[in-house]
Amino acid sequence: MTTPPTPEPPSDHRASVAVGLAPVFVAVVFTLIVSRLIAFDSGVAIFLACTAWVVYEMFDYQRAVDAYHLQCIQGHPGLRVAPIDSMAFATDAEAARGEHSRGFGASGFHRLS
């Protein structure tokens, strides 16, 4: 019996570069706008591009982390999860909801009787 190779954790290098450089770009663009070397519209476009870059890299890193965790769970034989019986779960939820609503009166305050 062979063991599957352990998954490699994702690198956060690209996300770190985006988070580190985007504020620098925004600061430089703000300085250029204040000194009137570039137009305000161009500065806003660069700011939005930096924002989109950071958001894209963060979502890409999160997808990689999620895939890594899924590989770890699927590769570990002790972490098998039994399927949820949806009917039993719904019955338990309805019972819990009924117990909760029984303790409150019409005004929403708890009855002591």
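This tour moves through the structure one selection at a time.

The model is predicted, so local features need pLDDT of at least 70 and side-chain atom pairs count only at pLDDT 80 or more, while totals for chains, interfaces and linings use all residues. Residues are numbered from 1 along each chain as its sequence is written, and side-chain values use heavy atoms, with hydrogens and water left out.

**The whole protein.** Begin with everything displayed. The protein has three helices and zero strands; helices (H or I, at least four residues) and strands (E, at least two) are DSSP runs, numbered from the N terminus. In order from the N terminus, the elements read α-α-α. Of the 113 residues, 8% count as buried, where buried means under 20% relative accessible area, exposed over 50%, and partly exposed in between (1.4 Å probe, protein chains only). The protein exposes about 9500 Å², of which carbon and sulfur atoms supply 67%; accessible areas come from the Shrake-Rupley method with a 1.4 Å probe, and for residues only the protein chains shown count as cover.

**Helix H1.** Next, select residues 13-34, which make up helix H1. The end C-alpha atoms of H1 are 32 Å apart, in agreement with the 32 Å that its 22 residues should span at 1.5 Å a residue; the expected span is 1.5 Å times one less than the number of residues.

**The buried side of H1.** Select Ala15, Ala18, Ala22 and Val29, which are buried in H1.

**Gly20.** Gly20 also belongs to H1 and counts as partly exposed because its relative accessibility is 42%. Draw a distance from Gly20 to Val54: the C-alpha atoms lie 9.3 Å apart, although the two residues are 34 apart in sequence.

**The nonpolar patch.** Now show Val17, Leu21, Val24, Phe25 and Val28, a nonpolar surface patch with about 370 Å² of accessible area together. Patches are made of residues with over 30% relative accessible area and no salt bridge, with like charges joined within 9 Å and nonpolar side chains (Val, Leu, Ile, Met, Phe, Trp, Tyr) within 5 Å. A salt bridge is a side-chain nitrogen of Lys or Arg within 4 Å of a carboxyl oxygen of Asp or Glu.

**Arg36.** Finally, select Arg36, in the loop between H1 and H2. Its phi is near 60 degrees, a positive value in a residue other than glycine. Arg36 is exposed, with a relative accessible area of 76%.
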